[in-house]
Amino acid sequence: MADTMQFDLVSPERRLASLQVTAVQIPGADGDMTAMADHAPTITTLRPGVLSVEGPDGTAEYVVTGGFAEISARGVSVLAERAMAKADVTQGDIDALVADAEAALAHARDTAGAETGPVDDAAKLLADMVAVGGALGLANR
Amino acid sequence: MPSLKDLKNRIESVKSTRKITKAMQMVAAAKLRRAQEAAEQSRPYTERFNAVMSGLAASVGGSDSAPKLLSGTGNDQVHLLVLMTSERGLCGGFNTNITKLARAHAKDLIAAGKEVKILTVGKKGRDQIKRELGKHLIGHVDLTEVKRVGYADAQGIAKDILGRFDAGEFDVATIFYAQFVNVVTQIPTAQQVIPAKFDDSNADGASALFDYEPSEEAILADLLPRGVATQVFAALLENGASEQGARMSAMDNATRNAGEMIDKLTIEFNRSRQAVITNELIEIISGAEAL
């Protein structure tokens, strides 16, 4: 039996999960990472993606957008601006997220002017959202 | 002297008023429970968020490269006051207390030669502040249609504030809301959100030991705008609970007052009815004697 650690997933509106787990796969801004017990203390920002949690009772998956994960000696806390259990995500949710990202991209293009940074960020956000939809097996219009 | 009929109508109308205030009180009690639950649910997020942020701020804050949201614009000439109040009235001194605090704050700033801009959330506060400080109003967020405040609403308000900050419209932002203590006590509170201020006491002592991915600065730059949204959201929830609490006690008072009024009117009604009866008797008796 592998070591377990405390895992918390909270969004501003509620606490989605709080349990003992063996490994957590986090969609970090710089790439996916898996945290297990006794991982070095780390703070990473999240990109929109699928967070998968392996516990003694099987695997749970959540879709998260925005926020950060804190890995400390106490365990892993993920603070996501929006988080939903993967099974609860519908086509409508993905469409809304993609539409938001598209709007943000359009807005960035309008306002950024010569600066490419914000446009690139928004484009990446959109690509991430689309990838999330793909990962869930839902169509992207 | 009002007639018997008048008194009877009066009693009826006060009775129906009492029914309404009683119902409002019970509705407020139910809504208060829900609002408190929502505030409870958001607490873990807010607490963790602030702990991480204060750790980050402590380690990055000293450097010159710190983001403007944390270090400020180096100026404090223009102040933005965000006045958060309710959309509905009939909640006692709730809106008045918040507005009073904001108005005093604004007057101090104006007296000190600063420029004041006011953004209102909730129409009751806007109506109250418009009278005296109307020319300082720069915007209003309408939440009339919102049944239950969600994080998305807070994000919208935060986006508005941040957009104005990026455009250089102000240097310091403060939000005004009422902190919920219990049903009878709500404390009007002013909280500075830009530049961000963190309570050092709840900082993670071990924050310096964390690895950061990407860099500390990048994370801080990403999280600070979210921090504004988080604070606005927490304030909205506190405000929601305070509003329902204030309405509950206001309606409780109103119900009790209506009860007292009914008692008084009933006594008056009985007296005048007795007087009418006595009068009629006197008329009959004196009529009989005259024969």
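Colleague: What makes domain 1 and domain 2 of chain A the parts into which the chain is divided?

Modeller: Chain A is divided into domain 1 (5-87) and domain 2 (89-135), with bounds that come from an automatic or database domain assignment. Bear in mind that this is a predicted model: local features need pLDDT of at least 70, side-chain atom pairs count only at pLDDT 80 or more, and totals for chains, interfaces and linings use all residues. Residues are numbered from 1 along each chain as its sequence is written, while chains are lettered from A and ligands numbered from 1 in the order in which they are written.

Colleague: How do you know that residues of domain 1 of chain A are in contact with residues of domain 2 of chain A?

Modeller: Contact needs C-beta atoms, placed from the backbone, within 7 Å. Eight residues of domain 1 of chain A meet that with eight residues of domain 2 of chain A. On the domain 1 side, β6 (49-55) and β7 (58-72) of chain A each give two or more residues.

Colleague: And chain B, how does its radius of gyration compare with that of a compact globule?

Modeller: The radius is taken over C-alpha atoms, and the globule rule is 2.2 Å times the number of residues to the power 0.38. For 291 residues a compact globule would come out near 19 Å, but chain B has 28 Å.

Colleague: What percentage of chain B's contacts with a separation of 6 or more joins residues 24 or more positions apart?

Modeller: That's 80%.

Notes. Two residues are in contact if their C-beta atoms, placed from the backbone, lie within 7 Å. Helices (H or I, at least four residues) and strands (E, at least two) are DSSP runs, numbered from the N terminus.
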